[in-house]
Amino acid sequence: ILLVLQVRLVMKAHSFIRENVPRVLSSVKDKSGTVHIPRISQYLYFLFAPTLIYRDNYPRNPTIRWGYVATKFAQVLGSLFYAYYIFVRLCIPQFRNSSQETFNLRGLVLCIFNSILPGVLILFLVFFAFLHCWLNAFAEMLRFADRMFYK
């Protein structure tokens with residue numbers, strides 16, 4: 001989790017620098033008296049907004065739909081509980097039985113192949129929970145209106 005957060009912060013810092021350094025350098029080159037430096041509040045909003053492209057201003061919704069936020073967080077919890085259920089009911093029994101037997105390649109291959117479908121389901125659930133539900137909930141709480149930016 002820490003590694004993912006660090007990569008996200010490095011990507012956001014790169015975007016922030018890439019967008020602002022050319023503006024500062026051009027104003028210094030033109031020797032204009034005003035240098036546009038982003039405010040701390042703009043940078044903090046960018047750090048929490050679900051986007052990797054820095055802009056000084058993003059489109060904003062007028063209100064926060066708290067029912068939508070609660071629904072998204074409930075979907076995150078539901079996805080995590082369902083992934084836990086799949087893991088406990090379909091993955092753990094496969095490997096628990098194999099740990100009590102002597103090692104053989106056939107048993108290992110069968111355990112792996114029997115765990116592929118549950119593993120893919122858990123992967124889909126985690127991606128749905130984070131990329132769709134979690135990020136949309138935070139976008140709604142930040143009133144971030146540009147949700148179709150990457151289309």
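Student: Which domains is the chain divided into?
Tutor: Two stretches: domain 1 covers 1–57 and domain 2 covers 59–150. The bounds come from an automatic or database domain assignment. This is a predicted model, where local features need pLDDT of at least 70, side-chain atom pairs count only at pLDDT 80 or more, and totals for chains, interfaces and linings use all residues. Residues are numbered from 1 along each chain as its sequence is written, and side-chain values use heavy atoms, with hydrogens and water left out.

Student: OK, and how many residues does each domain put into the contact?
Tutor: Domain 1 gives nine residues and domain 2 gives nine residues, with contact meaning heavy atoms within 4.5 Å. The domain centres, taken over C-alpha atoms, are separated by 31 Å.

Student: Switching to α1. What should its 28 residues span?
Tutor: At 1.5 Å a residue, α1 should span 40 Å, and its end C-alpha atoms are 40 Å apart, which agrees. The expected span is 1.5 Å times one less than the number of residues. Helices here are DSSP runs of H or I with at least four residues, strands are E runs of at least two, and both are numbered from the N terminus.

Student: Where is the kink in α1?
Tutor: At Asn20, shortly before the proline Pro22, with a kink of about 25°. That bend is the angle between axes fitted to the seven residues ending there and the seven starting there. Past the helix, α1 is followed by Lys31, which has a positive phi, near 60°.

Student: Which residues of α1 are buried?
Tutor: Lys12, Ser15, Phe16, Asn20 and Ser27. Buried means under 20% relative accessible area, exposed means over 50%, and partly exposed is in between, using a 1.4 Å probe and protein chains only. What covers those α1 residues includes α2.

Student: And what about α2, which residues are buried there?
Tutor: Gln42, Tyr45, Phe46 and Leu47 are buried in α2, and the buried residues of α2 pack against α1.

Student: New topic: how many salt bridges does the count come to?
Tutor: Three, counting a side-chain nitrogen of Lys or Arg within 4 Å of a carboxyl oxygen of Asp or Glu. One of them joins the side chains of Glu19 and Arg55, at 3.5 Å from N to O. Glu19 sits in helix α1 (residues 2–29) and Arg55 in the loop between α2 (40–48) and α3 (66–100), so the pair ties together parts 36 residues apart in sequence.

Student: What does Arg23 pair with?
Tutor: Asp56, in a salt bridge of 2.6 Å from N to O. Arg23 lies in helix α1 and Asp56 in the loop between α2 and α3, so this pair ties together parts 33 residues apart in sequence. Arg23 counts as partly exposed, at 29% relative accessibility.

Student: Last one: which residues does the "transmembrane region" annotation cover?
Tutor: The unreviewed UniProt entry gives 66–87 and 107–135. UniProt positions are in the numbering used here, feature names are shortened, and annotations may be inferred rather than shown by experiment. In the model, residues 66–87 are 100% helix and 0% strand, with end C-alpha atoms 31 Å apart. Residues 107–135 are also 100% helix and 0% strand, and their end C-alpha atoms lie 40 Å apart.
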